[in-house]
Amino acid sequence: MDITLVEETPFRFRVERQAPMRVPGVVFATRDLLPQAAGDKALEQVVNVATLPGIVRASYAMPDVHWGYGFPIGGVAATDVDAGGVISPGGVGFDISCGVRLLAAGIDRGALAPRMRRLMDILGDTVPRGLGPGGLWKLSGRSLEGIMVGGAAYAVEHGRGVHRDLERCEDRGTLAGADPSQVGQRAVDRGLRQVGSLGSANHFLEVQAVERVYDDAAATAFGLHTGQVCVMIHCGSRGLGHQVCSDHVRVMDQSLRSFGIHLPDRQLACAPAVSTPGRAYLGAMAAAANYGRANRQLLTAAARHAFAVVVGEGLDLVYDVSHNMAKIETHEVDGVRRRLCVHRKGATRALPPGHPDLPDDLAEAGQPVLVPGTMGTASYVMAGTAGNEAFWSSAHGAGRVWSRHQALRRVRGEELHEELEAHGIAVRPKSWRALAEEAPDAYKDVDAVAAATEGAGLARLVARLVPLGVVKG
């Protein structure tokens with residue numbers, strides 16, 4: 001497909017609307033960050049998403065955009081629920097409610113240094129990761145249902161955290177509307193054995209230090225200062241979420257004809273959000289989202305245990321936000337308040353200062369936006385801004401430029417491990433293969449992604465964090 005991009009600003013490109021597009025495409029990026037890898041069809045996917053029934057304003061792509069299933073990763077689209085707007089599982093992704101959680105320690109990097117190896121050894125020994133089963137909480141069917149309904153709140157109620165954690169979670173740790181009856185038995189079977197685990201691929205638990213603060217007031221509100229040790233956790237809903245997506249994509253693909261929906265790509269399989277299959281998916285998705293949030297809460301408990309043993313210090317939650325979600329939200333479009341289904345796939349919510357969904361202590365600063373890099377590179381804490389046109393959405397990370405197969409051809413895990421250790425980054429991998437797949441060179445420059453995110457008005461810089469040690473799946 002021949003796609004013409006019009007450069008409107010150094011950080012904003014436009015694809016003009018042409019049939020069968022219902023809205024234009026908008027890509028927030030610099031020229032260097034535009035998809036350039038051979039075979040990367042992310043821009044074609046931006047165009048395809050613009051054909052979805054009920055889509056409003058534009059089909060958006062964030063600075064970390066790259067090719068995904070149906071939607072590009074880094075894709076944002078909102079559909080008008082009351083005007084035939086659809087819900088598409090491809091606009092959420094297979095790892096439902098995959099997200100990032102940042103914890104702040106009461107110790108600085110200098111004081112941690114002599115105890116770093118022991119800390120990493122405990123984390124490496126106690127944090128379950130990798131493919132397949134293995135988690136920190138062995139569940140019964142009743143407790144799994146409690147997690148699917150209650151999310152992080154259920155975990156806190158059962159001793160895996162403190163009440164303040166929920167104040168610093170998106171939706172207070174629980175996405176409303178969960179319907180476990182719409183979660184198939186295969187998904188349930190997978191979920192019983194995996195809560196409290198990182199999984200594989202790009203998921204990690206990383207010990208970091210705040211290298212630089214850009215916004216003193218916001219950093220103070222978030223509980224961050226220069227030199228401080230932090231822990232960043234990136235993971236999602238494991239096999240349960242993957243199975244939910246697979247099951248409901250199949251149902252929606254089979255129902256397209258009955259709704260008279262014609263798509264340029266069947267990976268965009270969808271249904272009206274108010275239809276029976278639409279409501280069923282939203283209920284199952286919310287259940288999987290709550291599982292993902294409980295998963296990060298369990299891993300937080302493991303990190304807190306390691307810090308308590310090694311340094312006698314706790315970890316306070318800065319924020320937890322998902323980046324694979326579809327949520328029913330109200331936004332103003334063309335001067336009218338509308339009920340929208342906002343798909344964010346590989347894109348994080350970024351509420352502006354003063355938004356009523358923010359806790360009081362974050363209202364002035366705006367929502368923390370967490371933008372992780374990869375091993376050996378920085379991660380960023382940003383904050384939501386009032387001028388965000390993409391339904392308060394922002395970049396979620398660095399974004400891949402190499403496939404995992406390409407990374408394996410170019411990088412040896414053992415050599416990467418030696419290189420990272422030589423740079424003072426302690427690494428506890430599950431396997432050399434998994435390490436090689438997530439090599440820093442396989443990703444875009446996270447510094448450039450963060451700068452473009454700020455330049456596009458999606459979020460503003462608050463702090464830059466650098467890795468001290470990483471536990472990988």
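## Exercises on a predicted model

By class, eight nonpolar, two polar and five charged residues make up the lining of the second largest pocket, where Ala, Val, Leu, Ile, Met, Phe, Trp, Tyr, Cys and Pro count as nonpolar, Asp, Glu, Lys and Arg as charged, and the others, Gly among them, as polar. The model is predicted, so that local features need pLDDT of at least 70 and side-chain atom pairs count only at pLDDT 80 or more, while totals for chains, interfaces and linings use all residues. Residues are numbered from 1 along each chain as its sequence is written, and side-chain values use heavy atoms, with hydrogens and water left out.

**Exercise 1.** Describe the second largest pocket by its volume and by the residues closest to its centre.

*Solution.* A pocket is, on a 1 Å grid over the protein atoms alone, an open set of points with protein on both sides within 12 Å along at least five of seven lines, and its lining residues have an atom within 4 Å of a point. The volume, which is the space filled by probe spheres set on grid points joined across faces, edges and corners, is about 240 Å³ for the second largest pocket. Of the 15 lining residues, the closest to the centre are Leu416, Glu419, Ala439, Pro440 and Asp441. Helix 12 (residues 413-422) gives the largest share of this lining, four residues; helices are DSSP runs of H or I with at least four residues, strands are runs of E with at least two, and both are numbered from the N terminus.

**Exercise 2.** Determine which residues of helix 14 are buried and how they are arranged about its axis.

*Solution.* Buried means under 20% relative accessible area, with a 1.4 Å probe and protein chains only. In helix 14 (residues 446-455), the residues Val446, Val449, Ala450, Ala452 and Thr453 are buried. Seen down the helix axis, these buried residues fall within an arc of 165°, so they line one face of helix 14; the arc is that of the directions from the axis to the C-beta atoms. At the N-terminal end, Asp445 caps helix 14, with a side-chain oxygen 2.9 Å from the backbone nitrogen of Asp447. Helix 14 is followed by Gly457, whose phi is positive, near 80°.

**Exercise 3.** Locate Asp165 and identify the residues that it touches.

*Solution.* Asp165 lies in helix 6 (residues 163-167) and is buried, with a relative accessible area of 1%. Leaving aside residues up to four places away in sequence, Asp165 touches Gln297, Arg304 and Leu317, contact meaning heavy atoms within 4.5 Å.

Definitions and conventions. Buried means under 20% relative accessible area, exposed over 50%, partly exposed in between (1.4 Å probe, protein chains only). A polar contact is a pair of N or O atoms within 3.5 Å; within protein, one must be able to donate a hydrogen and the other to accept it, and residues adjacent in sequence count only if both atoms are side-chain atoms. On a 1 Å grid over the protein atoms alone, a cavity is a set of points where a 1.4 Å probe fits but cannot get out, and a pocket is an open set with protein on both sides within 12 Å along at least five of seven lines; lining residues have an atom within 4 Å of a point.
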